[in-house]
Amino acid sequence: MKTRLACFLMLAVAAAGAQTRTTTSADTLPAGTAVRMKLETPLSTSANKPGDRFAGKVIDAVSVNGRQVIPVGASVEGHVMRADEPRRIHGTPVLDLRPETVILPNGERYMIVASLVDTSNHPDVEVNEEGEIHGRGHDKRDLEGLGVGAAGGAGLGWLAGRGSGMLIGTGIGVAAAAGHWLARHHSTALPAGTEIIMELNRPMSFTTLTAAREGGE
């Protein structure tokens, strides 16, 4: 009986010595943390629609408590919330992107709640306070195009009817140019490689599982 008990205790001690100890430590990125990424998916108001997916790569590592938690090369995935392309008479083209997931190089996935705040290498767009990307709206080039259309119509009228035809042609040219101008849509595009900066709207927690043998380092 005593021999069996001694053997049992020895086995229990040996098992405890070989048991893997798992500890959990949590690192949290606070709300407002900036994450800079480079777009891998080309996007545009003319080609995309709500629900389309997009992806990017992190280009600046993000650290917390002295430890790197989002390395360069991590992926960011999300979807298009809005893609509007208004007519020239009003408004600007809008892309609204929603980052949703950070995927680390080891395959770990973390959900995020974030908004875009800047597109650092794309001078033709700007990001508003709601995180929407706005392209160029009505500008001087549109008026120049309208003027060219009117002048072209006047020239055609003059050639067709000389004198009086010039007035008719001018009216036709203005009407045609205005109709063409009003019918066209402003569009904007973000090519692959566009640098985008997003900020976390809520804290983002990373949980790291570390394993070590009892009595090890």
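Asp96 touches His79, Val80, Met81, Arg82, Gly131 and Glu132, when residues up to four places away in sequence are not counted.

Trainee: Which side chain of opposite charge is nearest to Asp96, and how far away is it?
Mentor: This is a predicted model, and in it Asp96 lies in strand β8, residues 94-103. Asp96 is buried yet has no salt bridge. A salt bridge would need a nitrogen and a carboxyl oxygen within 4 Å, and the nearest side chain of opposite charge to Asp96 is Arg98, at 5.0 Å.

Trainee: How many salt bridges does the structure hold, and which residues are linked in a network of them?
Mentor: One of the bridges is formed by the side chains of Asp60 and Arg36, with an N to O distance of 3.2 Å. The structure holds 7 salt bridges, and the residues linked in a network are Arg36, Asp60 and Glu195.

Trainee: Where in the chain do Asp60 and Arg36 lie, and how many residues apart are they?
Mentor: The side chains of Asp60 and Arg36 meet in a salt bridge. The pair links distant parts of the chain, since Asp60 is in the loop between β4 (53-58) and β5 (62-64), whereas Arg36 is in strand β2 (residues 34-39). Asp60 is partly exposed at 39% relative accessibility, and Arg36 is also partly exposed, at 26%.

Trainee: Is Asp52 buried or exposed, and what of Lys49?
Mentor: Asp52 and Lys49 form a salt bridge whose closest N and O atoms are 3.2 Å apart. Buried means under 20% relative accessible area and exposed means over 50%. Asp52, at 18%, therefore counts as buried, whereas Lys49, at 52%, counts as exposed.

Trainee: Which strands hold Glu77 and Arg109?
Mentor: Glu77 forms a salt bridge with Arg109, the closest N and O atoms being 3.6 Å apart. Glu77 is partly exposed at 25% relative accessible area, while Arg109 is exposed at 52%. The pair links distant parts of the chain, 32 residues apart, with Glu77 in strand β7 (residues 75-84) and Arg109 in strand β9 (residues 109-111).

Trainee: Which residue takes a positive phi in the hairpin of β5 and β6?
Mentor: Strand β5 runs antiparallel to strand β6 (residues 67-70), and 3 bridges join them. Val62 stands opposite Ile70 in β6. The hairpin has 2 residues between its strands, and the residue with a positive phi, near 55°, is Asn65.

Trainee: Which residues have the most contacts inside the largest nonpolar core?
Mentor: Met204, leaving aside neighbours within four places in sequence, is in contact with residues including Leu29, Ile70, Val102 and Tyr110. The largest nonpolar core has 32 residues, and those with the most contacts inside it are Leu29, Ile70, Leu97, Ile133 and Met204.

Note on methods. Residues are numbered from 1 along each chain as its sequence is written. This is a predicted model: local features need pLDDT of at least 70, side-chain atom pairs count only at pLDDT 80 or more; totals for chains, interfaces and linings use all residues. Side-chain values use heavy atoms; hydrogens and water are left out. Helices (H or I, at least four residues) and strands (E, at least two) are DSSP runs, numbered from the N terminus. Buried means under 20% relative accessible area, exposed over 50%, partly exposed in between (1.4 Å probe, protein chains only). Two strands pair if DSSP finds at least two bridges between them. Lys and Arg count as positive and Asp and Glu as negative; His and the chain ends are not counted. Contact means heavy atoms within 4.5 Å. A nonpolar core is a set of buried Ala, Val, Leu, Ile, Met, Phe, Trp, Tyr and Cys residues joined through side-chain atoms within 4.5 Å.
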